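Work through the exercises below with the model open. Try each task before reading its solution.

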Amino acid sequence: MTRPTLGAKRRSPRIARLLATMYERLLKHHGPQGWWPGEGPFETIVGAILTQNTAWTNAARAIANLRAADAMSPSALRAMPEADLAEVVRPSGYFNAKARKLKAIADFLGEYGDSVEAWRRMEPKALRAELLRVHGVGPETADDIVLYAAGLPSFVMDVYTQRIVDRMLPRHGLRGYDAYQALFERHLPHEAALFNEYHALLDAHAKDVCTKREPRCASCVLSDLCATGRRATK
C-alpha cells in the first residue's frame, strides 16, 4: 500500500498528532507570544507591508515615522503624495515600492469604508483571494492581514516556519507556499487564535533554537520528533 504524501488532499492522523505535539511543546517552552505587533488593525496591515524583505526593527522605524507624520490611516495615506510617503517609510527599505503598495492597500480598504469589520464576516479564503489581487500583496502578506488584522484563520508561512518543516519532515519534499500552508490547515482545527499562536511560536523557535546555519538540536524540545534532530543527537 502506498503511503499518502503530505501533498495529498486526505488528512493524515499521524501528521495531525505530530503538529499537536509540536504546538504543546513549543508553547510550554517559549510561552505565549502575543502577536501581532501593532496598535489596531490598520497598523497591522501597514506592518505586514513594511516588513516585507526587511527586519521588523526597520519596519517599526517606518511605522514610527508614519505616526509622527500623522499618516497612520487609510485616508492619510491616500492623501499623501507618493514621493513624500516613500521618504516617510524609507527606513523599511524598498521605500518607493512600499509607498505604492501602501497606497494600493489603502485604496482597497477604502472600498470597505476604511474598516476591517466587513472582512471579519467573510470566508478567509475569499478575503485572501481579494487581497492577492491588490498590488504588492503576496501570499504571506495576505495571510498576515487575514489572520492578524481580520482575525480569521489563515496559517501564515514564512522562511522560519518552512525551515522547521523541512528539518522535521525532510522526506516529504514540500514545494511552494501553498503546500506548506496546506500541511497546517489540513491537520489543525481552523481557529484564528491557534494559527496566530502557532505561527509565532514557530518563528520564535526558528530564531532561538532551529537557527539557519547551526540548529541547536541538543537543546531542542522537538529533537526526538525531528528527523534532523534525531540524527544530530545520536
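Predicted model: local features only at pLDDT ≥ 70, side-chain atom pairs only at ≥ 80, totals over all residues.

**Exercise 1. Is C210 buried or exposed, and what is its relative accessible area?**

Step 1. C210 has a relative accessible area of 10%. Step 2. Apply the cut-offs: buried means under 20% relative accessible area, exposed means over 50%, and partly exposed lies in between (1.4 Å probe, protein chains only). Step 3. C210 is therefore buried.
Step 2. Place C210 in the chain: it sits in the loop between α11 (192-208) and α12 (227-232). Helices are DSSP runs of H or I with at least four residues, strands are runs of E with at least two, and both are numbered from the N terminus.
Step 3. List the partners of C210. Not counting residues up to four places away in sequence, C210 touches R163, I164, R167, H205 and P215. Contact means heavy atoms within 4.5 Å.
Step 4. Take one distance. C210 and W35 are 175 residues apart in sequence and 20 Å apart in space, C-alpha to C-alpha.

Residues are numbered from 1 along each chain as its sequence is written, and side-chain values use heavy atoms, with hydrogens and water left out.

**Exercise 2. Locate Y177 and list its contacts.**

Step 1. Y177 belongs to helix α10, which covers residues 177-187. Step 2. Its relative accessibility is 16%, so Y177 counts as buried.
Step 2. Leave aside neighbours within four places in sequence. Y177 then contacts R128, P139, E140, D143, F155, V156, M157 and Q162.
Step 3. Pick M157 from that list. Y177 and M157 are 20 residues apart in sequence, and their C-alpha atoms are 6.9 Å apart.

**Exercise 3. Examine the positive phi values of N53 and D114.**

Step 1. Phi of N53 is near 60°, although N53 is not a glycine. Step 2. N53 lies in the loop between α2 (41-50) and α3 (56-68). Step 3. With a relative accessible area of 65%, N53 is exposed.
Step 2. Turn to D114. Its phi is about 60°, again positive in a residue that is not a glycine. Step 5. D114 is found in the loop between α6 (95-110) and α7 (124-131). Step 6. Its relative accessibility is 30%, so D114 counts as partly exposed.

**Exercise 4. Describe the overall fold and its dimensions.**

Step 1. Count the elements: 12 helices and 0 strands. Step 2. Compare the radius of gyration with the globule rule. The radius is 19 Å, close to the 17 Å that the rule gives for 234 residues, so the protein is as compact as a globular protein of that length. The radius is taken over C-alpha atoms, and the rule is 2.2 Å times the number of residues to the power 0.38.
Step 2. Box the C-alpha atoms along the principal axes: roughly 60 × 35 × 30 Å. Step 4. Check burial: 50% of the 234 residues count as buried.
Step 3. Check contact range. Among contacts between residues at least 6 apart in sequence, 63% join residues at least 24 apart.

**Exercise 5. What is the mean pLDDT, and where does pLDDT fall below 50?**

Step 1. pLDDT is the predictor's confidence in each residue, from 0 to 100. Step 2. The mean is 92, and 95% of residues reach 70 or more. Step 3. Over residues 1-8 the pLDDT is below 50. Step 4. Beyond near neighbours in sequence, this stretch has 12 contacts in the model.
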